[in-house]
Amino acid sequence: MSSKMKVIQSIEEMVALTKSDLWSGTIGFVPTMGALHRGHISLAEYARKECDIVVMSIYLNPTQFGPNEDLDNYPKTLKADLDKAEKAGVDYVFTPTSKMMYPDGFKSWVNVEGITDILCGAKRPNHFRGVTTIVSKLMNIVSPDLMYMGEKDYQQIAVLNTMISDLNFRTVIRPCPIIRESDNLAMSSRNAYLNEDERIRARVLYQSLQKARTLYKQGTADPEILRKSMQELIQLHAGKIDYIEFVDRNTLDKKETADDNTRVIIAVFIGSTRLIDNMDLV
Ligand code: AMP
């Protein structure tokens with residue numbers, strides 16, 4: 001594609017583009033909520049390598065936030081985001097408003113059952129309904145062949161894969177690895193909420209995942225024993241555990257005994273900031 005990135009603000013303009021002659025070849029799509037960091041940028045870079053046209057959306061989707069969550073405080077850095085997107089080789093950035101995405105009279109929701117009732121879904125009611133609805137809308141507007149998503153939000157990928165399969169969307173998700181800070185904290189827009197002390201304590205998420213992995217490799221396969229050792233470490237750093245779960249990496253079903261297909265997924269409050277992370281045991 002051409003070198004100059006374009007910002008598209010309206011749904012009509014975006015849809016018109018997908019139907020124009022400009023729009024040929026493989027379309028790669030990177031949905032984001034902005035406050036871009038290297039995790040987001042890595043997705044755009046994977047898309048750039050594989051696709052003819054790379055589209056990123058920057059839209060802070062209110063319907064995936066709970067009433068007492070951080071929607072109002074979520075960092076907004078649009079100008080810097082656009083610079084970063086352009087450097088990463090994005091061709092089009094789609095920046096709709098909530099008035100466009102949820103106009104008066106909006107009544108339709110996409111809901112995936114079961115797999116949204118566990119892990120983050122159990123702790124954040126309606127979160128995944130917001131995610132599946134907005135991603136359905138974005139896929140209809142952008143018509144991507146490939147959609148790049150981070151394994152940082154591991155359950156989100158599983159939920160969206162279920163939706164894509166059940167509802168016959170033609171887009172294929174490309175799961176991309178978790179990008180971390182130099183001390184291994186998973187990059188997240190929410191890391192900006194951490195003060196200096198919390199930022200150091202937040203290292204315990206990765207450390208606890210590593211501990212479970214090490215114990216598993218040494219022969220411990222009982223999830224209760226693995227969980228307990230993680231709990232002790234997290235509590236030592238004054239983290240408040242939201243959940244620690246050992247699940248099948250494909251189905252997200254809970255594991256009675258850990259094995260090589262097990263993924264450990266955690267959510268931990270450091271101060272008032274809720275952070276998530278996950279890792280395979282092998
Ligand atoms: P968000 O802006 O939080 O909705 O995230 C947009 C996309 O970036 C999602 O697919 C996330 O999984 C992905 N993402 C966020 N943080 C990371 C990270 N540290 N590494 C890789 N992907 C990430």
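In the predicted model, the axes of helix H9 (residues 204–217) and helix H10 (residues 223–236) approach within 9 Å and cross at roughly 150°. Because this angle is over 145 degrees, H9 is roughly antiparallel to H10. The crossing of the two helices is right-handed. On the H9 side, the contact involves Val204, Gln207, Ser208, Leu209, Lys211, Ala212, Leu215 and Tyr216, which meet Leu226, Ser229, Met230, Leu233 and Ile234 of H10. Classified by residue type, the contact of H9 with H10 comprises nine nonpolar, three polar and one charged residues.

The crossing of H6 and H7 is right-handed. Phe128, Val131, Thr132, Val135, Ser136 and Met139 of H6 make the contact with Gln155, Gln156, Val159, Leu160, Met163 and Ile164 of H7. The contact of H6 with H7 has eight nonpolar, four polar and no charged residues.

Threonine 171 is located in the loop that lies between helix H7 (154–166) and strand E6 (172–176). With a relative accessibility of 5%, threonine 171 counts as buried, since the cut-off for burial is under 20%. Its side chain reaches the backbone oxygen of proline 144 at 2.8 Å. Leaving aside residues up to four places away in sequence, threonine 171 touches Met139, Pro144, Asp145, Leu146, Met147 and Ile164. Of these residues, Met139 of H6 and Ile164 of H7 also take part in the contact between H6 and H7.

How values were computed. Residues are numbered from 1 along each chain as its sequence is written. This is a predicted model: local features need pLDDT of at least 70, side-chain atom pairs count only at pLDDT 80 or more; totals for chains, interfaces and linings use all residues. Side-chain values use heavy atoms; hydrogens and water are left out. Axes are lines fitted to C-alpha atoms, for helices over the stretch in contact, and angles run from 0 to 180 degrees between N-to-C directions. Helices (H or I, at least four residues) and strands (E, at least two) are DSSP runs, numbered from the N terminus. Angles under 35 degrees count as roughly parallel, over 145 as roughly antiparallel, 65 to 115 as roughly perpendicular and the rest as oblique. A crossing is left-handed if the near helix is turned anticlockwise from the far one by less than a right angle, and right-handed if clockwise. Contact means heavy atoms within 4.5 Å. Ala, Val, Leu, Ile, Met, Phe, Trp, Tyr, Cys and Pro count as nonpolar, Asp, Glu, Lys and Arg as charged, and the others, Gly among them, as polar. Buried means under 20% relative accessible area, exposed over 50%, partly exposed in between (1.4 Å probe, protein chains only). A polar contact is a pair of N or O atoms within 3.5 Å; within protein, one must be able to donate a hydrogen and the other to accept it, and residues adjacent in sequence count only if both atoms are side-chain atoms.
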